[in-house]
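Take a walk through this model, starting from a single residue and ending with the whole chain.

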Amino acid sequence: MAVDPADPDRVLLGGDLLGIAVSEDGGERWERADGLLSLEVASFTFHPERPGEVWVGTMSGPHVSTDGGRTWEPRRAGFPDIEEFTYSAPVEVVLVDRNDAERLLAFGGSQREWESFGDPAWGAVWESTDAGATWTRLATIADGTNVVAAVQLGDGTLLAAAEDRGVHRSTDGGRTWEQSGAGLPHGNVRDLAAVPDGATVYAALGEGPLDGTEHLHGGVYRSDDG
């Protein structure tokens, strides 16, 4: 679920095999959106400089809406071709670069941990420098592990959570990544949330591996140094 920062009455809701629903009256009434290649919907991102423009990740790559989420178009130029009975380019989230509104990054993953035959490009970081018209593969996180969340901090630092591999950090626009988990009890990081314009980020952890007869605990963790 996501609320439009430019219009708090506009709410978008995505689901497993349900596509996207849109409300423009704060959730009183809903309409189904059109135009998705696949209905397994991931995270929404509202463009910070273009009202009405929204990006969403799906199991079939990034999609964009220019009417607040009512209609959608796939933007896959440069992604692997669509294949039958498989997902060739799952995307969990699309981020708009804070320093360049025409530069987008798409992260290969699925928070729901969907299975896929073939080569689904888990962990891929895709870059567009022309507002999503075309894409190239920029990097791979954690040797190709499913990316379940990604955020950008105020100074441009990028953080990504890889399935059971913890938090990874990039300070060069997503070209190189290193693990950054000091203080976390294990690597099952399920989500990330960044405070706007700052260095504070929250990580939500699920249950960890067995420690004797019990699993390590999850919980919410906070970093104030990016």
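**A buried asparagine and its surroundings**

Start at Asn146, which sits in the loop between strand E12 (136-140) and strand E13 (147-152). This is a predicted model. Is Asn146 buried or exposed? Its relative accessibility is 5%. Buried means under 20%, so Asn146 counts as buried.

What does the side chain of Asn146 reach? It comes to 2.7 Å from the backbone nitrogen of Ser110. Ser110 is also among the residues that Asn146 touches, leaving aside those up to four places away in sequence. Gly108, Gly109 and Glu113 are on that list too. So are Trp122 and Gly123, along with Ala161, Ala162 and Glu163.

Follow one of those contacts to Glu113. Glu113 lies in the loop between strand E10 (104-107) and strand E11 (124-128). Its phi is positive, about 60°, although Glu113 is not a glycine. Glu113 has 33% relative accessibility and therefore counts as partly exposed. Asn146, by contrast, is buried.

Now move to another loop. Phe85 is found between strand E8 (73-74) and strand E9 (93-96). Here too a residue other than glycine has a positive phi: that of Phe85 is near 60°. How much of Phe85 is accessible? The relative accessible area of Phe85 is 71%. The cut-off for exposed is over 50%, so Phe85 is exposed.

Step back to the whole protein. Which secondary structure elements does the protein have? There are 21 strands and zero helices. The radius of gyration is 17 Å, close to the 17 Å that the globule rule gives for 226 residues, so the protein is as compact as a globular protein of that length. Along the principal axes, the C-alpha trace spans about 50 × 40 × 35 Å.

Of the 226 residues, 50% are buried; Asn146 is one of the buried residues. Take the contacts between residues at least 6 apart in sequence: 42% of these join residues at least 24 apart.

The protein exposes about 11000 Å². Carbon and sulfur atoms supply 48% of that area. How many side chains are positive, and how many negative? The protein has 39 negative and 16 positive side chains. The centres of these two sets lie 3 Å apart.

Terms used. Residues are numbered from 1 along each chain as its sequence is written. This is a predicted model: local features need pLDDT of at least 70, side-chain atom pairs count only at pLDDT 80 or more; totals for chains, interfaces and linings use all residues. Side-chain values use heavy atoms; hydrogens and water are left out. Helices (H or I, at least four residues) and strands (E, at least two) are DSSP runs, numbered from the N terminus. The radius of gyration is taken over C-alpha atoms; the globule rule is 2.2 Å times the number of residues to the power 0.38. Buried means under 20% relative accessible area, exposed over 50%, partly exposed in between (1.4 Å probe, protein chains only). Contact means heavy atoms within 4.5 Å. Accessible areas come from the Shrake-Rupley method with a 1.4 Å probe; for residues, only the protein chains shown count as cover. Lys and Arg count as positive and Asp and Glu as negative; His and the chain ends are not counted. The place of a charge is taken as NZ of Lys, CZ of Arg, CG of Asp or CD of Glu. A polar contact is a pair of N or O atoms within 3.5 Å; within protein, one must be able to donate a hydrogen and the other to accept it, and residues adjacent in sequence count only if both atoms are side-chain atoms.
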